[in-house]
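Reader: I am new to protein structures and would like to learn how to look at one. Could we go through this one together, step by step?

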Amino acid sequence: MKEYSEEILGEYQCGFRPQRGTADQIFVARQTLEKCYAHDIDLHLLFIDFKIVFDSIHQKKLLESLVSFRIPKKIERPVKMTLEGAQAKVLVDGKISAPFTIDKGVRQGDGLSATLFNLTLHKALKNLEKKNTILNRLTQICGYADDILVTARSLPALEALCIELSKEAGTVGLVVSSDKTKCMKFSACPS
């Protein structure tokens with residue numbers, strides 16, 4: 001699964017991938033800020049945080065992502081088998097609850113959870129990812145798993161991309177945490 005995901009995932013995503021990490025995204029952000037400063041370009045940054053990501057992914061959308069990315073059936077089927085029809089019980093005050101079906105989320109601690117999450121998020125955001133850099137387009141996305149940095153050359157462009165990102169992420173069950181999402185303006189010239 002991880003080999004297939006490496007061929008699919010966009011360059012913006014560095015979370016849970018070999019030879020990539022937060023240092024790569026920090027480097028991209030720093031380079032972007034330096035270039036914009038050198039060219040006297042204002043930059044708006046939005047640090048997006050999603051609510052309880054590993055527990056909120058719609059499993060149906062996750063499985064649809066695997067099909068749309070043409071993951072081979074021999075890999076898709078075992079993933080589907082572990083997710084569909086999964087049930088759990090909860091122990092509260094020494095009493096076990098009735099079983100309930102789990103239809104959201106990926107199994108935390110499972111070796112595939114991060115890869116499945118990345119593929120599902122990529123399915124939602126792939127139409128938002130654009131090539132080139134912030135110097136010759138209005139917006140750019142950097143990601144480390146569920147932590148997303150959106151940069152834009154104007155506040156309206158940032159707002160438009162944020163609305164689109166929130167809508168697309170919502171289709172797979174992700175909700176932007178307004179409390180933890182932060183915005184910053186970077187300007188070469190103090191105003």
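This is a predicted model: local features need pLDDT of at least 70, side-chain atom pairs count only at pLDDT 80 or more; totals for chains, interfaces and linings use all residues.

Reader: Is Ala157 buried or exposed?

Author: The cut-off for buried is under 20% relative accessible area. Ala157 has a relative accessibility of 13%, so by that cut-off Ala157 counts as buried.

Reader: How far apart in space are Ala157 and Gly21?

Author: Along the sequence, 136 residues separate Ala157 from Gly21. In space, going from C-alpha to C-alpha, the distance between Ala157 and Gly21 is 27 Å.

Reader: Which residue does Lys167 meet in a salt bridge?

Author: Let's stay in helix H7, which spans residues 155-170. With N and O at 3.9 Å, the side chain of Lys167 meets that of Glu164.

Reader: How many salt bridges are there?

Author: Here is the idea behind them: side chains of opposite charge can pair when their charged atoms come close. The cut-off is a distance within 4 Å between the nitrogen and the oxygen. By this rule, the count of salt bridges comes to six.

Reader: Glu76 and Lys73 form a salt bridge too; which of these two is buried?

Author: Both belong to helix H5, about one helical turn from each other, and their closest N and O atoms are 3.4 Å apart. Lys73, at 47% relative accessibility, counts as partly exposed. At 6% relative accessible area, the buried residue is Glu76.

Reader: How many residues apart in sequence are the parts that Asp42 and Lys185 tie together?

Author: The salt bridge between Asp42 and Lys185 has its closest N and O atoms 3.9 Å apart. Asp42 lies in the loop between helix H2 and strand S1, while Lys185 is in strand S8, so the pair ties together parts whose separation in sequence is 143 residues.

Reader: Now the second largest pocket: which element gives the largest share of its lining?

Author: This pocket has a volume of about 240 Å³. Its lining is made of 13 residues, with Gln25, Phe47, Tyr144, Asp147 and Leu149 nearest the centre. H2, S1, S6 and S7 each supply at least two lining residues. The largest share, four residues, comes from H2.

Reader: How many residues of that lining are nonpolar?

Author: The lining of the second largest pocket also holds three polar residues and two charged ones. The number of nonpolar residues is eight.

Conventions
Residues are numbered from 1 along each chain as its sequence is written. Side-chain values use heavy atoms; hydrogens and water are left out. Buried means under 20% relative accessible area, exposed over 50%, partly exposed in between (1.4 Å probe, protein chains only). On a 1 Å grid over the protein atoms alone, a cavity is a set of points where a 1.4 Å probe fits but cannot get out, and a pocket is an open set with protein on both sides within 12 Å along at least five of seven lines; lining residues have an atom within 4 Å of a point. Grid points are joined across faces, edges and corners, and a volume is the space filled by probe spheres set on the points. Ala, Val, Leu, Ile, Met, Phe, Trp, Tyr, Cys and Pro count as nonpolar, Asp, Glu, Lys and Arg as charged, and the others, Gly among them, as polar.
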